[in-house]
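Here are my notes for a colleague who is meeting this structure for the first time. Please read them with the sequence and the model side by side.

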Amino acid sequence: MSMILFACVVRVRDGLPLSASTDFHLNQDFLECRKRLKALSLILAQYPDRGTATGRGFSIHFHSSGDIACMGICTSCCPTVMAFCFLEELQWKFSASYNSTSISLATRPYAFLEFDNIIQKVKYHFNYTSCSQMKNRLEKIQEALKFHPPVLLKLEDMNGMINGHTEVHMGSAPTYRMQPVTPLGILSLVLNIMCGALNLIRGVHLAEYSFQEDHEGTGNVIAFLLSFLACIFQVW
């Protein structure tokens, strides 16, 4: 039976999901746990580098390092040391695959979705490899947890996070806000409006002349109107 059910990689500063496993579980408690994981991911910067939230038969574990954090949902019977060993392995592989610049510049959720293939392989390895075969690695993590134990949270105490912090993420995270218009941008905006207005005026006047005299200037009228629409699009 699988003990590690779900894993994802998020950016610490704003909780932007960078990659995640594509497992589907319809258990209602699991889906509720996913919501709490998402809420927790938005405030990881407030916590130490390791933490565990338990409740309702599932546990959420997270391990932060630098710009990223690896998070996982495990069954309550999954040993804590195994969960953190799994997350540390994911963190190492993700850091080896993507540099900090590409992580910082990511603007859309799941920008590194292809990493899911590695998540699945690592998850399968930890779910179906006996602890005796990973003895040395588990002992190393066990020692690290003794000196720096993970912060403990309760899933039941995270109910207020789901609505409150999701709104903060949508409204104030840099990833989802438009950048302020620079002076050069304002100048470009004004010039585009002026050019658009001139193209519209010239197109209308040429249309009036063409319809009164002949229809040979129809192509020029269309050209001016298309230029006007192009300027409007640039302004938008």
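1. Helices α2 and α5 are roughly perpendicular to each other (a label for angles of 65 to 115 degrees), because the angle at which they pack is about 100°, with their axes 9 Å apart. Helix α2 covers residues 80-97 and helix α5 residues 135-147, where helices are DSSP runs of H or I with at least four residues, strands are runs of E with at least two, and both are numbered from the N terminus. Axes are lines fitted to C-alpha atoms over the stretch in contact, and angles run from 0 to 180 degrees between N-to-C directions.

2. The model is predicted, so that local features need pLDDT of at least 70 and side-chain atom pairs count only at pLDDT 80 or more, while totals for chains, interfaces and linings use all residues. Residues are numbered from 1 along each chain as its sequence is written, and side-chain values use heavy atoms, with hydrogens and water left out.

3. On the α2 side of the contact (heavy atoms within 4.5 Å) stand T80, V81, M82, F84, C85, E88 and E89, which meet R137, L138, I141, Q142 and L145 of α5.

4. P150 lies in the loop between α5 and β6 and counts as buried at 14% relative accessibility, buried being under 20% relative accessible area with a 1.4 Å probe and protein chains only. Leaving aside residues up to four places away in sequence, P150 touches R50, G51, T52, F84 and L145.

5. For the whole chain, there are eight helices and six strands, and 42% of the 236 residues count as buried.

Definitions and conventions:
Parallel < 35°, antiparallel > 145°, perpendicular 65-115°, else oblique. Buried < 20%, exposed > 50% of the residue type's maximum accessible area, 1.4 Å probe, protein only.
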